Amino acid sequence: AKTLLFRALEEAKQIPDAYESGKIMSRVGMELVKVDPPSALVVVQQIRDPFYRSEILSGMAESLSRKDPPKAMDLAGKIPLETMRAAAMVEIIGRRAGEDRRKMLSLYQETFQAAQAIPDPYTRSLILIELGKEWGGMEKGKEIGPLEMALKTTEAIPNLSARAEVLQVL
């Protein structure tokens with residue numbers, strides 16, 4: 001496939017109409033992003049039109065964002081057209097945020113399970129309250145489980161002033 005793409009690239013350079021030539025070179029570059037990204041960078045350097053350069057670099061940044069987000073952001077910063085550069089950066093950040101969010105939700109679930117095993121009811125209640133606040137801020141409705149568990153746990157606090165303190169925080 002790579003050989004055929006390079007052949008198409010050479011033929012595109014022979015086309016006298018610069019617009020048509022650039023369009024074909026851009027399509028070749030976009031396909032090279034899938035097959036051989038370093039070669040796509042070589043094609044980008046041969047294209048004069050900033051739109052087509054931006055198109056290929058955007059495709060490369062999007063592809064790279066799955067493997068190496070910092071490098072993808074660096075590459076996105078080199079996109080000539082500002083609108084395409086901004087769109088690529090937003091997509092990279094959005095993808096990263098989605099992955100980070102899933103990790104955080106998983107950590108909240110693990111923390112909830114671990115908090116239930118804390119032997120001291122006072123400490124367990126306070127941790128469950130904090131967990132409920134944080135988890136509810138990230139995912140609406142998820143605060144209910146930890147907060148209900150904290151309320152039930154307060155019954156096991158032997159010191160009445162400590163129990164009152166936890167109930168006030170709750």
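The side chains of Glu62 and Arg66 meet in a salt bridge, with N to O at 2.7 Å; a salt bridge is a side-chain nitrogen of Lys or Arg within 4 Å of a carboxyl oxygen of Asp or Glu. This is a predicted model, in which local features need pLDDT of at least 70 and side-chain atom pairs count only at pLDDT 80 or more, while totals for chains, interfaces and linings use all residues. Residues are numbered from 1 along each chain as its sequence is written, and side-chain values use heavy atoms, with hydrogens and water left out.

**Salt bridges**

- A search of the whole structure finds 11 salt bridges.
- Glu62 is partly exposed at a relative accessible area of 23%, whereas Arg66 is exposed at 52%; buried means under 20% relative accessible area, exposed over 50%, and partly exposed in between (1.4 Å probe, protein chains only).
- Asp68 pairs with Lys71 in a salt bridge whose closest N and O atoms are 3.9 Å apart; Asp68 is partly exposed at 23%, and Lys71 is exposed at 54%.
- Another salt bridge links Asp74 to Lys78, with the closest N and O atoms 3.6 Å apart; Asp74 is partly exposed at 47%, and Lys78 is exposed at 53%.

**Helix 4 against helix 6**

- Helix 4 (residues 50–65) packs with helix 6 (residues 82–115) at an angle of about 5 degrees, their axes being 10 Å apart.
- Helices (H or I, at least four residues) and strands (E, at least two) are DSSP runs, numbered from the N terminus.
- Axes are lines fitted to C-alpha atoms, for helices over the stretch in contact, and angles run from 0 to 180 degrees between N-to-C directions.
- Helix 4 is therefore roughly parallel to helix 6; angles under 35 degrees count as roughly parallel, over 145 as roughly antiparallel, 65 to 115 as roughly perpendicular and the rest as oblique.
- Helix 4 contributes Phe51, Ser54, Glu55, Ser58, Ala61, Glu62 and Ser65 to the contact, and helix 6 contributes Met84, Ala88, Glu91, Ile92 and Arg95; contact means heavy atoms within 4.5 Å.
- By class, this contact of helix 4 with helix 6 has five nonpolar, three polar and four charged residues; Ala, Val, Leu, Ile, Met, Phe, Trp, Tyr, Cys and Pro count as nonpolar, Asp, Glu, Lys and Arg as charged, and the others, Gly among them, as polar.

**Helix 2 against helix 4**

- The axes of helix 2 and helix 4 cross at roughly 10 degrees and come within 9 Å, so the two helices are roughly parallel to each other.
- Tyr19, Gly22, Lys23, Met25, Ser26, Arg27, Gly29, Met30 and Val33 of helix 2 meet Tyr52, Glu55, Ile56, Gly59, Met60 and Ser63 of helix 4.
- The residues of the contact of helix 2 with helix 4 divide into seven nonpolar, five polar and three charged.

**Ser26**

- Ser26 is found in helix 2 (residues 18–35) and is buried, with a relative accessible area of 0%.
- The side chains of Ser26 and Glu55 are joined by a polar contact of 2.5 Å; a polar contact is a pair of N or O atoms within 3.5 Å, where within protein one must be able to donate a hydrogen and the other to accept it, and residues adjacent in sequence count only if both atoms are side-chain atoms.
- Apart from neighbours within four places in sequence, Ser26 is in contact with Ile47, Tyr52, Glu55 and Ile56.

**Lys142**

- Lys142 lies in the loop between helix 7 (121–138) and helix 8 (144–154) and is partly exposed at 37% relative accessibility.
- Lys142 and Ile79 are 63 residues apart in sequence and, C-alpha to C-alpha, 40 Å apart in space.
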